Structures are given as C-alpha cells and as structure tokens.
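I am opening this notebook to keep track of what I look up, entry by entry.

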Amino acid sequence: MLHTLLGDDTFTRGVQTYLRENDGKAATVEDFVRAMETVSGRTLSQFYRWFGLHSRALSVRSAGTPEVKVAKESFDERARQYKLTLAQSPASTPGQPAESKRPFLIPVTVGLLGRDGQPIHSQLSDSDPELASHTLELSDVEQSFVFNNVASKPVLSVLRHFSAPVKLVHQQTKEDRLLLLRHDTDAFNRWESCQHLALDAALALVEQQATSPDVDPSQVDPQFVEALGSVLKSVLDSPGLNDNAFIARLLSLPSESYIGQQMAVLDVVRVHKARKALKAVIGKEHRKHLERVYDKFHELVPIDFSDEPGRGKREVKNMALDYLMHGDLHEGRTDATSRCTQQFGDARNMTDKLAALTLLAHMPQTQREAVKALDKSLQEWSQDLLLMNKWFRIQATAPLMDRTLTVVKELTKHPQYHAKNPNNIYSLVGGFVMANQYCFHGAPEQSYAFLASQITLLNTVNPQVAARLVKAMEDVVRLPQRNREVAAAQLQTLLDMPGLAKEVYEVASRCHTAAVAGPANRSH
C-alpha cells in the first residue's frame with residue numbers, strides 16, 4: 001500500500017533509506033514507515049492503524065479488515081463530471097467495537113471505462129494530467145471525489161491492482177460486470193468481475209433446484225457463457241499473449257466451498273450439481289475454442305522450472321481439458337476422455353499427468369479408465385511418498401457420492417498408508433472430510449461416523465492431527481437440520497469418550513455447541 005500511495009520513485013528511495021539507517025539493527029515496522037515519511041515529507045501516522053502499532057504522533061490500535069463501500073455514483077453530462085463517493089467502516093473485533101475505531105488511510109485505485117470498453121482519461125483537478133487510472137486516498141469515514149472531463153457516463157473499475165486489503169462492497173449491474181470482464185485493462189478486476197458473474201450463475205442454478213431436483217442447462221446465463229467465449233477467442237487470436245496463468249485463473253469457476261459460503265443454508269448436493277452443470281454448458285458451447293486452446297498449448301516436454309510461460313500454458317491447457325470433459329460427458333461424447341487418457345499416458349511432466357488422472361478419477365463416466373490409470377500410477381509411484389500422498393488425495397476428493405467413502409475406507413488398510421503418518425492422514429482422511437464437501441456432508445450418517453472413528457483412533461496417537469480433522473465439523477452450523485442432528489450425536493459420542501485429549505475436546509465442544517444451536521444462534 002505504501003508503494004501505491006507514494007509511487008515508484010519515492011518508495012524506492014524510502015527502501016534505500018530504511019536499509020541504510022537500519023543495517024545491522026533489529027528494525028521494526030515503525031522504522032520502515034518512518035523512512036517513508038522522511039523521503040516523502042508526509043506524515044503517515046494514520047497508516048500505522050493497519051499494523052495495530054503505536055505511532056509517534058498518534059497512539060492507536062485497530063484490528064480487523066475494514067470495509068470500503070461505493071456509496072454513491074453520479075454523472076453530470078453538462079459539466080462533464082463524474083462524482084464518486086466512497087465510505088469506509090472498520091470491522092468489530094473482540095474488545096474493539098467498530099464505533100470505537102478511527103478511519104484508516106486507504107489507497108483506492110480506480111479507472112473509468114466507456115460503454116465501448118475504452119478507457120476514459122480524466123482529471124481530479126485542473127492542474128492534474130488526464131489519466132486513465134487514479135489512486136484516491138480515502139482517509140475519512142466518507143469522502144467524495146470528482147473526475148473532470150468525462151464525456152459520457154462511465155463504468156467504474158474500483159480497487160485496481162487490489163490496491164488495499166479491504167472488503168469491497170460495490171453493487172454493479174450484470175452489464176457493467178460483463179463489460180469489465182471483456183475490456184478492463186486491470187487483471188484483478190477482470191478476474192473479480194468474472195467471479196461475480198460465475199457466482200451469480202451458479203446460485204441461480206442452485207435456486208432453480210428448489211422446485212426441480214434436476215438442473216436445466218438451458219437456464220445458464222447465456223451472456224456469461226458468451227463472455228467466456230470471447231476470452232477464449234482472445235487467447236487464440238493473440239499469438240504473443242504470454243500471461244496464460246492469469247487466463248486460466250480468469251476462466252476458473254468459484255469453488256463449491258465458496259459458492260456454499262454465500263448461502264444461508266448450505267445444500268452441498270445442489271451446489272455440486274449447479275457447478276457441474278455450469279462447466280458442462282461452457283464445455284459444450286465452446287467445444288471448438290477449447291479444443292483449439294488445448295491443441296495450441298499441448299506440449300510433450302519435461303518441465304523447465306525457469307519457464308514461467310510454460311507453466312501458464314499447462315494451466316490453460318488443463319483448464320480447457322476440464323471443461324471439455326464436462327461438456328463431452330454430459331452429451332455422451334468420448335472425445336475428451338480419449339484426450340485425457342492419452343495425456344495421462346504420454347505426459348512427460350507430473351503437472352499434466354496429475355491433471356489427467358484427477359479428471360479421470362473424478363468423473364463417474366470414466367471409472368473404467370480411472371481404475372487402469374490409478375493402478376499404473378501406483379506401480380510407478382509406490383516408492384515416492386510425496387506422489388503416494390497425491391494418489392491418496394485424488395481418490396479422497398473424488399465427488400462420487402456412492403463410491404468415494406467406500407474407497408477411502410479401503411485405502412486406510414492399504415499397505416502404503418500409515419495411520420501414524422500425518423501427511424498420509426491429511427491426504428486421505430483430511431482430503432475426504434475437509435476437501436470433499438459434496439460427499440462428506442451429502443451422506444452425513446456414514447461420513448460423520450467415519451470421521452468419529454478416525455478421531456477415536458488418533459486421539460492417543462496424535463491428538464493434534466485429530467483436533468485438526470474435527471474442524472471439518474465447523475461448517476455443520478450452516479447445513480440443514482439433518483446434518484446438524486447427526487453431527488451433534490457423533491460429536492457428543494466423542495465428548496463422552498474417556499481420555500479424550502484436551503485439544504480434541506476444545507474443538508469438538510465448540511462444534512457441538514454450534515451444531516445444537518443452529519444458524520439462528522450462530523455467533524459471528
């Protein structure tokens with residue numbers, strides 16, 4: 001943030017001053033900020049609140065992440081002025097209610113785009129140059145900023161480059177988010193817009209299942225799907241594009257866990273179906289583009305860890321294969337399965353081999369191919385402890401409701417699995433209970449009983465690991481009543497167990513209280 005506030009030159013001189021003055025000393029954050037004050041000629045006492053420190057001029061301690069809200073936007077066409085009002089509110093933390101805290105100094109970098117997607121250059125004052133991006137300094141509870149020489153009503157791109165670690169509240173229309181996804185020059189905001197659009201599309205499919213157990217793919221937002229197609233096309237039309245790692249992240253959907261966090265009551269089955277349907281529609285509608293992307297970046301070469309563009313190519317390629325698998329299998333096609341199987345067999349780097357193995361193991365239609373691939377992997381990796389943990393985790397995280405728990409139970413007896421090895425436990429048991437919410441919470445009677453049996457085994461062997469596994473029950477408070485009742489019963493059984501370790505008791509007791517209380521009495 002200091003770099004954003006002060007600029008490249010001043011920040012560089014500040015770092016040089018800090019190093020020169022504190023070489024060989026036990027330097028502190030205060031020393032660093034003081035060096036910045038020296039070279040910039042600015043008083044940064046308000047900035048200390050970010051660190052909960054005492055400044056020389058202002059004694060303050062302020063914990064928590066502040067919230068920044070786009071409170072109001074207005075455009076005066078005659079005056080060619082756009083007015084933006086930002087408001088900040090600190091978070092309430094133990095012993096520090098929000099009303100007792102004073103404002104932070106928050107750099108908020110913003111840009112304006114026209115309806116044609118082109119950047120709008122504007123001025124904050126007559127003496128300023130016209131710029132496409134401005135860093136605003138939000139230092140009061142609420143502040144307004146006026147942008148001059150704005151010819152048309154703009155679309156706001158706010159918190160560019162993630163200029164401050166805040167929670168942003170900005171109620172934008174779908175049309176504005178689509179425009180930012182297609183045209184914003186700021187990578188973070190393109191990604192943020194895409195995530196919002198994907199989340200809205202997924203939640204709409206979740207809501208649809210309230211009246212019908214089956215997902216209707218025709219209800220997927222066509223504008224969002226089309227926008228992703230334009231991103232894919234840009235990858236194909238730009239031979240010199242080398243930020244493929246960003247493109248892979250841009251086109252990645254929010255996780256099932258994140259989608260569930262937006263729901264008052266989490267239904268893991270509906271969330272899983274919605275996300276799977278969204279992938280299938282994208283894979284179907286953009287099959288030709290995805291196949292071209294895959295072919296463009298498919299290289300049978302070993303990994304060169306100094307080759308950053310190569311890493312990005314693999315990410316984009318495997319993302320494309322993921323969508324193709326979902327789209328083809330939804331339609332009963334086998335083209336993508338053949339690609340995936342061939343990639344697994346031909347891969348000369350572990351990234352591609354693991355990506356292909358995961359897709360085969362996680363799709364219900366490809367279990368025959370998955371069994372062969374898993375057996376081959378076991379033969380090749382049996383002497384490599386790290387790869388065996390990958391092998392366990394891939395199977396534990398497979399979203400196969402009628403199969404995965406049975407497989408996990410069988411793998412706890414596998415000769416390569418050692419119940420006293422924390423890494424083995426986290427990969428297999430932890431993978432199932434903490435990284436497979438669909439299977440774990442979707443069949444609570446069997447899954448919660450399995451977790452309780454594992455906690456019982458680990459209680460005396462490794463109570464620290466046992467306590468971490470119990471945390472899988474923390475999400476139960478947001479689940480339906482059936483899950484809460486089953487969880488409460490299993491947790492009570494653990495709490496009644498003689499010799500229960502203190503670490504386990506503390507977590508289990510907290511989770512039990514939350515499960516019994518339910519979401520209405522959940523403490524924040």
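I began with Q208, which I found in helix α5 (residues 187–208); helices here are DSSP runs of H or I with at least four residues, numbered from the N terminus. I am working with a predicted model, in which local features need pLDDT of at least 70 and side-chain atom pairs count only at pLDDT 80 or more, while totals for chains, interfaces and linings use all residues. Residues are numbered from 1 along each chain as its sequence is written, and side-chain values use heavy atoms, with hydrogens and water left out.

Is Q208 buried or exposed? I noted that Q208 counts as buried because its relative accessibility is 16%, where buried means under 20% relative accessible area, exposed over 50% and partly exposed in between (1.4 Å probe, protein chains only). Leaving aside residues up to four places away in sequence, Q208 touches D214, V215, D216 and Q219, a contact being heavy atoms within 4.5 Å.

Next I looked up the cysteines, and I recorded zero disulfides, taking a disulfide as a pair of cysteine sulfur atoms within 2.5 Å. The sulfur of C340 is too far for a bond, because the closest cysteine sulfur, in C439, is 19 Å away. I also wrote down that C340 is buried, at a relative accessible area of 0%, and that C511 is buried, at 3%.

My last entry concerns helix α12 (residues 335–346) and helix α14 (residues 367–381). In their contact, T337, T341 and F344 of α12 meet E369, A373, K376 and S377 of α14.

Conventions:
Axes fitted to C-alpha atoms, helices over the stretch in contact; angles between N-to-C directions. Helix = DSSP H or I, 4+ residues; strand = E, 2+ residues; numbered from the N terminus.
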